[in-house]
Amino acid sequence: MTRRASRARPWVYLLPTAAVLGPMFGYPLYMLGLLSVFDYRQAQVSGGEPTRFLGFGNYARLLSDERFWSVLAQTVAFAAALVLATLVVGAALAIVMEKAAPWARTTLSLAALGAWAAPAMTGSTVWMFLFDADLGLVNQVLGLDGYNWFYDKWVTFGVVGATVVWHSFPFVMVTLYAGMKAIPGEVLEAAALDGASAVGTFWRVTMPMLRPLVTIVVIQSIIWDFKIFTQIYVMTNGGGIAGQNTVLNVYAYQTAFGSSEYGLGAAIGVVMALILLVVTLVYIRALYRTGEKL
């Protein structure tokens with residue numbers, strides 16, 4: 001087999017998947033981009049007015065809106081905190097699973113997979129009941145009768161963030177645990193014989209070998225947390241008091257369906273997709289510059 005054929009073989013194997021996923025993801029993105037360059041509101045939907053081509057008009061309007069920049073900054077900060085918390089919780093529990101007895105590992109796995117399998121709507125509703133001001137279990141346990149967890153902006157973000165981490169950490173935990181089990185025992189034994197402590201072995205041996213998996217979970221977490229919608233919308237009733245807990249996905253929904261500015265809402269969606277694409281490419285490029293491979 002020639003070198004060219006050898007290099008082409010992986011791409012040939014990917015063709016069936018690309019044939020399915022390409023149209024599935026490509027067409028909605030194409031329509032989103034197309035809609036974003038038109039003046040498309042309720043009047044155009046109902047046929048009362050003709051659709052007008054705006055070019056980059058929606059984007060210019062969006063980028064000159066202070067509200068957009070405020071929501072974007074808030075979304076980035078919230079997503080960064082969620083990614084960090086999810087990685088810490090998931091990695092810590094992966095270590096616990098690796099060290100725990102079989103019955104404890106099985107119990108933890110079942111509990112985590114239950115959280116992972118729960119629909120976002122269901123989980124958000126359950127957490128709302130737990131933190132209810134009058135009947136919530138949390139207030140009863142802490143003796144905070146009548147305390148409203150969804151009044152203060154940052155407390156609300158904390159409760160919603162805990163809900164998101166509860167939904168997300170099982171993916172990180174299971175992925176890193178599988179990676180830990182794949183590390184040859186001889187490598188860890190050699191580190192122990194060289195006098196490395198458990199903490200030193202983890203940071204200097206285990207983590208470098210898990211870096212490709214960490215890259216995957218980081219990218220997935222960034223995508224999931226940056227485009228968070230359900231937990232914020234359900235738990236804050238559409239963005240909190242005076243919109244103080246609004247994130248970009250909720251802002252796009254309110255713009256498109258609340259204000260019937262479908263073209264402007266599509267522009268927000270395109271901006272979100274571009275931000276996620278740039279973040280992913282930058283992260284992968286930084287990884288390759290360190291000499292690591294996915």
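In this predicted model, Asp65 caps the N-terminal end of helix α4, with one of its side-chain oxygens sitting 3.1 Å from the backbone nitrogen of Arg67. Helix α4 itself takes in residues 66–99, 34 residues in total. From its first C-alpha to its last, α4 reaches 50 Å, close to the 50 Å expected at 1.5 Å a residue.

Next up is the largest pocket, which comes out at a volume of about 410 Å³. Two elements each give two or more residues to its lining, namely α1 (3–35) and α13 (262–289). Of these, α13 gives the most, with 7 residues. The residues lining the pocket include Phe25, Pro28, Leu29 and Leu32, along with Gly269, Val270, Met272, Ala273, Leu274, Leu276 and Leu277. Lys227 is also part of the lining.

Leaving aside residues up to four places away in sequence, Phe150 touches Met128, Phe131, Thr156, Val159, Met235 and Ile241. As for Asp132, this residue lies 18 residues from Phe150 along the chain, and the C-alpha atoms of the two are separated by 8.9 Å.

Key. Residues are numbered from 1 along each chain as its sequence is written. This is a predicted model: local features need pLDDT of at least 70, side-chain atom pairs count only at pLDDT 80 or more; totals for chains, interfaces and linings use all residues. Side-chain values use heavy atoms; hydrogens and water are left out. Helices (H or I, at least four residues) and strands (E, at least two) are DSSP runs, numbered from the N terminus. The expected span of a helix is 1.5 Å times one less than its number of residues. A polar contact is a pair of N or O atoms within 3.5 Å; within protein, one must be able to donate a hydrogen and the other to accept it, and residues adjacent in sequence count only if both atoms are side-chain atoms. On a 1 Å grid over the protein atoms alone, a cavity is a set of points where a 1.4 Å probe fits but cannot get out, and a pocket is an open set with protein on both sides within 12 Å along at least five of seven lines; lining residues have an atom within 4 Å of a point. Grid points are joined across faces, edges and corners, and a volume is the space filled by probe spheres set on the points. Contact means heavy atoms within 4.5 Å.
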